[in-house]
Amino acid sequence: MHKITIAIDGFSSTGKSTIAKQLAAALGYIYVDTGAMYRAVTLYALHHGLISEDGFKASELCLKLKDIQLGFLPNEQTGRSDMLLNGKNVETEIRTMQVSRFVSQVATVKAVREKLVAIQQEMGKAKGIVMDGRDIGTVVFPHAELKLFMTASADARATRRYRELLERGDNITYGEVLENVQKRDYIDSNREESPLRRADDAILFDNSDMGLKEQFERIYNLAIRII
Ligand code: C5P
């Protein structure tokens, strides 16, 4: 079996990472959640007072980018990697609403994207990788052998995310989650740098009414046909 590159893009909370992780495990591939990388840079910006409700010091963040080291630590319990920011495990912190509120603003910055895309391309050099994000099929791996574009209704996505946050014990309302999901999608789709869009050769996958098992089987079969 030859190794391929699988790019999974789509709107927020479409369950991309759940499917990507399962697919990578079934194929014996590496799985990379690029959203976690943008979240880690956002956490750094929050910790250093570079972004808040009062504004975003984007050029200061650009100057600090050289001080940001990202890493991945395999976690046997979750079957995925935890995100490391300058050697510290920040996997839990990057999933909070606080980070979700600001991440799409940070992701508009060209220098941030260039840094992260370079790391992502390096990770995928040897193929055998499933990567999910917003620009994987369009910018990071435009020649990926399999590209998927995941979508679902805003309600289905917000419900999924709301349940996840509740399970983690976050104090949040459904309305706040829905608003965040819609706002991030708007910024992600309308930014100048690598906006979220479906690559011409990406397969559109609407999973509003599809269970995980069915999604996995369909996507696994698509991959196996190519491999
Ligand atoms: O995938 P996740 O929802 O965790 O991503 C968080 C945010 O990171 C997205 O809303 C988007 O603004 C940004 N992102 C991006 N490009 C990627 C992955 C994520 O701009 N490849």
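Val117 counts as buried in this predicted model, at 10% relative accessibility, where buried means under 20% relative accessible area, exposed over 50% and partly exposed in between, with a 1.4 Å probe and protein chains only. Residues are numbered from 1 along each chain as its sequence is written. The model is predicted, and local features need pLDDT of at least 70, side-chain atom pairs count only at pLDDT 80 or more, and totals for chains, interfaces and linings use all residues; side-chain values use heavy atoms, with hydrogens and water left out.

Val117 lies in helix H5; helices (H or I, at least four residues) and strands (E, at least two) are DSSP runs, numbered from the N terminus. Contact is taken to mean heavy atoms within 4.5 Å. Beyond its neighbours within four places in sequence, Val117 is in contact with Tyr38, Asp135, Val139 and Val140.

Asp135, one of the contacts of Val117, lies in the loop between S8 and helix H6 (136–140). Its relative accessibility is 1%, so Asp135 counts as buried. When residues up to four places away in sequence are not counted, Asp135 touches Asp9, Tyr38, Arg113, Val117, Val140 and Ser194.

Of the 15 residues around the ligand, Arg39, Arg113, Asp135, Asp188 and Arg191 come nearest, a residue being near a molecule or strand if one of its heavy atoms lies within 4 Å of it. A nitrogen atom of the ligand is 2.8 Å from an N or O atom in the side chain of Asp135. Oxygen atoms of the ligand are involved in two further pairs: one is 2.7 Å from an N or O atom in the side chain of Arg39, and one is 2.6 Å from an N or O atom in the side chain of Asp188. Taken alone, the ligand exposes 450 Å², of which the protein buries 95%; accessible areas come from the Shrake-Rupley method with a 1.4 Å probe, and for residues only the protein chains shown count as cover.Leu196 is placed in the loop between H8 and S10 and, at 5% relative accessibility, counts as buried. With neighbours within four places in sequence left aside, the contacts of Leu196 are Gly10, Phe11, Arg134, Phe149, Asp188, Ser189 and Arg191. The C-alpha atoms of Leu196 and Gln98 are separated by 22 Å, and these residues are 98 apart along the chain.

Backbone geometry is described next. Most residues other than glycine have a negative phi. Ser194, although not a glycine, has a positive phi of about 40 degrees. This residue is in the loop between helix H8 (174–190) and strand S10 (203–206), and its relative accessibility of 18% is the reason why Ser194 counts as buried. Lys127 is not a glycine either, and has a positive phi of about 60 degrees. The loop that holds Lys127 runs between helix H5 (110–123) and strand S8 (129–133). At 32% relative accessibility, Lys127 counts as partly exposed.

The UniProt record, in an unreviewed entry, gives the annotation "binding site" to Gly10, Phe11, Ser12, Ser13, Thr14, Gly15, Lys16, Ser17 and Thr18. Of these residues, Ser12, Ser13, Thr14, Gly15, Lys16, Ser17 and Thr18 are included in the lining of the largest pocket. On a 1 Å grid over the protein atoms alone, a pocket is an open set of points with protein on both sides within 12 Å along at least five of seven lines, whereas a cavity is a set of points where a 1.4 Å probe fits but cannot get out; lining residues have an atom within 4 Å of a point. UniProt positions are given in the numbering used here, feature names are shortened, and annotations may be inferred rather than shown by experiment.

Within the annotated site, Gly15 is found in the loop between strand S1 (5–10) and helix H1 (16–27). Apart from neighbours within four places in sequence, Gly15 is in contact with Met150 and Arg160. Thr18 is found in helix H1 and, at 32% relative accessibility, counts as partly exposed.

Arg157 is located in helix H7 (residues 154–167) and is buried, with a relative accessible area of 6%. Leaving out neighbours within four places in sequence, Arg157 is in contact with Phe11, Ser12, Ser13, Thr14, Ala152, Val181 and Asp185.

The UniProt record, again in an unreviewed entry, places the feature "domain: Cytidylate kinase" at residues 6–222. This span is 48% helix and 19% strand, and its end C-alpha atoms lie 11 Å apart.

Key
A polar contact is a pair of N or O atoms within 3.5 Å; within protein, one must be able to donate a hydrogen and the other to accept it, and residues adjacent in sequence count only if both atoms are side-chain atoms.
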